[in-house]
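Dear colleague,

Please find the structure below, together with its sequence. A short account of the findings follows it.

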Amino acid sequence: MLHQEELGPRRTVTHPQKPKTNRLFVILGILPPILFVLSLVDLNLPLGKLIPGTGTLFIDVGKMFPPDISSWQTTFVDAGTTLEIAIASTAISIVMSFLLAFLAAENTTPSLAVSRTLKGFASFLRGVPILVWALIFIVAVGPGPFCGVLSLLTHAVGLLIKVFSQAIEEVDDRVLEAMRASGATWLQTIGQGILPMAQTAFISWSALRLEFDISDAMTLGIVGAGGIGWDLENHMNGFDLHGALFIYLVIFFIVFTAELATNRIKVNRMKAVS
Amino acid sequence: MYPLPQNHYRLLNRRRTVLTWTFIIVLVALSGFCIIATNFSPYNLYTGLGQIAWIVFDKFLPPHPSALGSIVKPALDTVAMSLVAAMAGSVVAAVLGFLAARPTAPHPVFRYVVRGFASLLRNIPALMWAFILVDAYGLGTMVGTLALFFSTVGWLVRAYAEVIEEIDQAKLEAIRASGASYLQVLGQGILPLVLPGFIAWSLYQVEMNLRTSSIIGMVGGGGLGFYIDNGIALFQFKDTAMAIVLVLVLILGSEFLTSSIRRRIL
């Protein structure tokens, strides 16, 4: 008979421990339904309208067909204006944020106070929705593309300062230290140390910003800041549904193309937002 | 691999430099053209900024705290609209996301149809959806909620599908090899892996919805946007300023909240 000692220590089967449930997940499982119900109570939505409304919606959309392309010239000119607004504001905001980002990033800023002030200011700029900026600027400078550029620009600078300075802060501190130790000036550290490392992030964020600007510029027209949004508003208000459908198609086509162009970048970058 | 002759590298390099520079020059020229076409000049900027400063400091500031009483309800509506749209949208998008992602799609046809549908929903801005919806559902928060719901579904289907496509296929293979059915693979293999990603994206969508819902009232969707739009039309700038401050607090608050939750679950 074999003794226990000869068999070696008794083997007990250990089941792998089930990973503990993150308490946060539990909260995230309970809280949303409660919030959902509370929100529904607050909104007091006329849910009875949902079904007849959806019926009307389909009839309305049906009425919009076929698209009326007779005013294509104005539509294209307005679409051009929208694109001009988007491109101009992206270009200007890139240049401005590029310069300011170095003052806002903690590892390149001349003083922490400057960095904090700039970052706070940037959050303020991007915290106010673009259309609200547009409403304020219309009062100040009057409607038109200039107003559109200003409002997109204001918001874009707020976003780009944040993400550019994040990209700069991700640069390895030892690289900068080594450069400073070898006697590089501030500008040299930036040009030779930071730019080569951060440029991919800079370029992809700029491309993304252009895409956001294009789709935001579309809606800007609604409050009167020029471009195709204004055109759409006019057609909808004048009940020219066939003309409106054509504008919808043009808008879809432009935003869709912009999205395709920046498809690759987006998913990777959006993860880093805030 | 044969080593390329030395001058071949140089040629490749030169071609690349030429391409880069052409690209940069075209970009700069295009930007310059657009800046001029939109009347954006240093002079206009200077006078414009002066006017803006005057308007802001003279008319908008200081905000009237007394307006707060009438702003609370629109602000609650704004938050409620974005939450309802985000949650209902997440559920719908989760189902559609599974149909749109390569590893889980029952048939490739589903992928194309669902992805096309989602792209239609998200590439028409929410405010423009509201235009169509106003006629069918009448002015009010119903329109705002539905328009936000549309764009939420559009964005989240794409994001969820991408989260599903990113997961490690070997793990699913292992579960399948042990005899799991399609539903078991979904529940035991895919769901635990994608859940953090789903939650992170939904939180991000709450933030995006809050931004949109605070302006969607401008086209008849109810909430703070209606109050702001109305206030400016009626020249009640100081009351409007109070509402704008509230929008700012809501958006920055949600940005802070969602990003701190996201950091803990990812």
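Between chain B and chain A there are four residue pairs in polar contact, both at pLDDT 80 or more (N or O atoms within 3.5 Å, one able to donate a hydrogen and the other to accept it; residues adjacent in sequence count only if both atoms are side-chain atoms). On the side of chain B that touches chain A, helix H10 (residues 237-265) gives the most, with twelve residues (helices are DSSP runs of H or I, at least four residues, numbered from the N terminus). That side has 48 nonpolar, twelve polar and 13 charged residues, Gly counting as polar.

This is a predicted model, in which local features need pLDDT of at least 70 and side-chain atom pairs pLDDT 80 or more, while totals for chains, interfaces and linings use all residues. Residues are numbered from 1 along each chain as written, chains are lettered from A and ligands numbered from 1 in the order written, and side-chain values use heavy atoms, without hydrogens and water.

The two chains, B and A, are also joined by four salt bridges (a side-chain nitrogen of Lys or Arg within 4 Å of a carboxyl oxygen of Asp or Glu). One of them pairs Arg126(A) with Glu255(B), whose closest N and O atoms lie 2.9 Å apart. The contact involves 73 residues of chain B and 70 residues of chain A (heavy atoms within 4.5 Å).

Yours sincerely

Key. Helices (H or I, at least four residues) and strands (E, at least two) are DSSP runs, numbered from the N terminus.
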